[in-house]
Amino acid sequence: MTAAAFSDGAAGPLLKSAGDDWRDHAACAGEDPELFFAPSHPEAAKARKRREGHARAICARCPVREPCLADVLEHEALPGTFRCGIFGGTGEDERHILAAPRKRKRAVPRVRSTASRVMPALTAAQVALFRSKLAPGGCGLVWTRQVRKGGYGVFKVRVDGVQQHIVAHRLAYRLATGTDPGNGNVRQSCGIPACCTPGCLVLVQPGRRARAAIQRKAEAA
Ligand code: SF4
Ligand SMILES: [Zn+2]
């Protein structure tokens, strides 16, 4: 697909010199590049959604999503380049968010605290890793890896030397809205525990009793 679209026809999408052998495993090799890139003529929203859905489905089964995404992010950071196409299961908007400069690094507790549910800050690469574990399905995006009791996804990641277990749909909410749910609960309106589709994620603030319990935990910590 994309290879043909971009350069030398080698498998895999991008622009680096040949010899990066992860491209040899690209699921998009041989696919129609037009699936992955907007046409030069105006494209109806429905048609775009359908086209991108097909491209994302190919990326979802691609074994080299992570290097592909890292590569395109690196490329698009170069001056004079612009974002276009589906790479590593992401579109232009998602990569715009991934590439945005990170704000102040939040202090990360050495030990995971039960008193606060604020998530640690993640690097762009960790966010990309998280996104690579989502796949099209259900209402839009579903978590494909380890789940905890109840079927909720868990993203395991090491931050500042501390292993963190972040609830997948809570992280998806933060990435989609820019707001950390903190002590609030994030619920899926569809009722599917593994669903990470932004449109399904609803923040529910804790009630009075829950707030009091959180306060007690914080005081005891
Ligand atoms: S992640 Fe998608 S765009 Fe990248 S190599 Fe795989 S199929 Fe191609
Ligand atoms: Zn859903």
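Me: On what basis are the residues named and the values given?
Reply: Residues are numbered from 1 along each chain as its sequence is written, and chains are lettered from A and ligands numbered from 1 in the order in which they are written. In this predicted model local features need pLDDT of at least 70, side-chain atom pairs count only at pLDDT 80 or more, totals for chains, interfaces and linings use all residues, and side-chain values use heavy atoms, with hydrogens and water left out.

Me: Why is F130 called buried?
Reply: Buried means under 20% relative accessible area, exposed over 50%, and partly exposed in between (1.4 Å probe, protein chains only). F130 has a relative accessible area of 1%, so F130 is buried.

Me: What makes the pair of F130 and W143 stacked?
Reply: Rings of Phe, Tyr and Trp (its six-membered ring) pair if their centres lie within 6.5 Å; planes under 30 degrees apart count as stacked, over 60 as edge-to-face and the rest as tilted. The structure holds four aromatic pairs. For F130 and W143 the centres are 5.5 Å apart and the planes stand at 25°, so this pair is stacked.

Me: Why does the pair of F130 and W143 tie together parts that are apart in sequence?
Reply: F130 belongs to helix α5 and W143 to strand β2, so the pair joins parts 13 residues apart in sequence. Helices (H or I, at least four residues) and strands (E, at least two) are DSSP runs, numbered from the N terminus.

Me: How do you know that W143 is buried?
Reply: The relative accessibility of W143 is 6%, so W143 falls within the buried class.

Me: What makes the pair of W143 and F155 edge-to-face?
Reply: The centres of W143 and F155 are 6.2 Å apart with 75° between the planes, so the pair counts as edge-to-face. W143 in strand β2 and F155 in strand β3 are 12 residues apart. F155 is buried, at 1% relative accessible area. Ring pairs link F130, W143 and F155 into a cluster.

Me: What makes a nonpolar core, and which residues have the most contacts inside the largest one?
Reply: A nonpolar core is a set of buried Ala, Val, Leu, Ile, Met, Phe, Trp, Tyr and Cys residues joined through side-chain atoms within 4.5 Å. The largest has 39 residues, and those with the most contacts inside it include F130, W143 and F155. Helix α6 gives the most to this core, with five residues.
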